[in-house]
Amino acid sequence: MSNQQSQSSFTTEDVAKHNSEESLWIIVDGGVYDLTSFQNEHPGGKKILKRVAGKDASKMFWKYHNAGILKKYTPKLQIGSIGTATAVPAAEKKEEPSPAAALVEVKDSRETFEPFGDLVPFADPSWYQGYSTTYYNASHVALRNEVRAWVDSEIEPFVGEWDEKKDVPREVYLEMGRRGYLAGALGVHYPTEYTDIRPRCVAVEQWDHFHEFILTDEIARAGSGGLVWNLLGGFGIGAPPVIKFCRPEVKKRVLPGLLSGETRICLCITEPDAGSDVANLTTTAKKTDDGKYFIVNGEKKWITNGIYADYFTVAVRTGGDGMSGISLLLIEKTMPGVNTRRMNCSGMWSSGTTYVTFEDVKVPVENLIGKENQGFKVIMTNFNHERMGIIIQANRFSRVCYEESIKYAHKRRTFGKRLIDHPVIRAKLANMAIRIEATHNWLENLIFQTNSMSEQEAMYRLGGAIAGLKAQATQTFEFCARESAQIFGGLSYSRGGQGGKVERLYREVRAYAIPGGSEEIMLDLCIRQSLRVHQALGAKF
Ligand code: HEM
């Protein structure tokens, strides 16, 4: 995956000599590419390449491809560049990783950072584009730059391929561990007590909820829910109960491997017959007569990362009916009776959606997470973090749809003009942008509140707002995926290619609007929970 380029330099006359099937070179953005052996496998056809053989094909290239294509094929096909300077393809020019981006102005609590990214309006949060902010400091800038450089070079060009293969290379997950990204994605302080791994550009004592936001947001920018859930899905919801509620000896045994990425975990709550209605789950855990074990029987469905997991954070019924009979258990893959099978779903292909069965699994009582019959409380503490993750991802996916669309609208021409010159297309883009920005601004506010409250207080006071924002984020995502698909036309109907991200995200909308609390439940909870809190605060009606 490294971008090794030959240093050879050529003139346009040199390239012009390679203008046939036998030797077919082209120039793209000053880089010289030898397509002789690639022409037969070129998905766009051989003849079209022959037409530009020996010539500067930059304009044609950008008409049909995204930046990711050049990044992916440069190591294989680039043989040098025009002139003395080594060509840097446009795709790479955009990376500009500068972990220590300059702070150009500091006033009161306001900060303004050097503009970053492509500067396409609304395609990145406003503080990336030179607008002032009160939420971020230089450590957030450094993390953003670090994650973007990694995702741009090592992840984004390959996500389509990984999704089709329904897997992400294990090395990528291990790298998440090595970079400290897993340890920083638990919704708690950075857990120095369980790992020696430290983030590369943020002091652990500075790590806050905005760092986790940036990390998730930048990974989501690759435009694949399957990828994000492969890397953060099981961990982000399965590991927090362990760090917060497991016995010290279990934490010491389990957490170092989970934080380094060497072992994996998932959360098993949903069952074939109990989704958002958690209080009715039926998987049983019966204590043995000697009181040393639970015997677990039941099925769990739609479990993210289940096929990869070494550990399962499982909601089970240890008591009577309803929410007061539920406990959480840490079940281990090595325990006989645990079985997993991959499920076929409309989207999220590389996330490993799984059907898990537990048949007479013998689990030591030491693996109880929290107290017996008080598992519902543990599940409740997980919800805000899970939903914030979903909101962050859904809103970046909305931005990806918007960004892909506005960029495409600048090259695609219909009825004699570019799409961007048609008012109807600009209206679509505006309707996406206003929803994305509204969601993003409320999201930043809620993260700011989360940073300022204890977990207990945040759970109680912010639960309603977070539920409402989840519904807003997924409705925005659904709207943007649709509008973007309309702008791309047929390209969003076929898989891969320029509309590839939009086609994939369109299939992934439901995976955001349903789990973690369906839109319907979220909207109701938004008002119910907020009323409860504000009645206690003395609201007058
Ligand atoms: C470095 C050189 C090139 C590489 C590595 C390359 C690679 C690819 C790939 C991977 C695709 C599949 C679609 C996608 O995933 O985006 C594709 C499609 C295509 N390419 Fe190229 N290509 C190159 C140069 C060119 C040039 C110079 C032209 C035009 C003169 C061209 C025209 C096309 C067309 C028309 C398609 C089909 C687009 C569609 O499906 O809508 N390619 N190319």
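Analyst: A domain's bounds here come from an automatic or database domain assignment. The model is predicted. The protein is divided into domain 1 (9-93), domain 2 (103-258), domain 3 (264-373) and domain 4 (381-536).

User: What makes domain 2 and domain 4 partners in a contact?

Analyst: Residues count as in contact if their C-beta atoms, placed from the backbone, lie within 7 Å. Domain 2 gives 26 residues to this contact, and domain 4 gives 32 residues. The centres of domain 2 and domain 4, taken over C-alpha atoms, are 19 Å apart.

User: Which elements give two or more residues to the side of domain 2 that touches domain 4?

Analyst: They are α7 (159-165), α9 (209-220) and α10 (225-245). On that side, α10 gives the most, with eight residues. By class, the side of domain 2 that touches domain 4 has 13 nonpolar, eight polar and five charged residues.

User: How are α13 and α14 oriented to each other, and how do you know?

Analyst: Start with the angle. The axes of helix α13 (residues 423-452) and helix α14 (residues 455-488) cross at roughly 160° and come within 9 Å. Angles over 145 degrees count as roughly antiparallel. Therefore α13 is roughly antiparallel to α14. Their crossing is left-handed. The contact of α13 with α14 has 15 nonpolar, seven polar and three charged residues.

User: Why are α12 and α13 called roughly antiparallel?

Analyst: The axes of helix α12 (residues 375-409) and α13 cross at roughly 155° and come within 10 Å. The cut-off is 145 degrees, and angles over it count as roughly antiparallel. So α12 and α13 are roughly antiparallel to each other. This crossing, of α12 and α13, is left-handed.

User: Which residues make the contact of α12 with α13?

Analyst: From α12, they include Ile391, Ile392, Tyr402 and Ala409. From α13, they include Ile425, Leu429, Met432 and Leu443. By class, the contact of α12 with α13 has 12 nonpolar, five polar and one charged.

Technical notes
Residues are numbered from 1 along each chain as its sequence is written. This is a predicted model: local features need pLDDT of at least 70, side-chain atom pairs count only at pLDDT 80 or more; totals for chains, interfaces and linings use all residues. Axes are lines fitted to C-alpha atoms, for helices over the stretch in contact, and angles run from 0 to 180 degrees between N-to-C directions. Helices (H or I, at least four residues) and strands (E, at least two) are DSSP runs, numbered from the N terminus. Angles under 35 degrees count as roughly parallel, over 145 as roughly antiparallel, 65 to 115 as roughly perpendicular and the rest as oblique. A crossing is left-handed if the near helix is turned anticlockwise from the far one by less than a right angle, and right-handed if clockwise. Ala, Val, Leu, Ile, Met, Phe, Trp, Tyr, Cys and Pro count as nonpolar, Asp, Glu, Lys and Arg as charged, and the others, Gly among them, as polar. Two residues are in contact if their C-beta atoms, placed from the backbone, lie within 7 Å.
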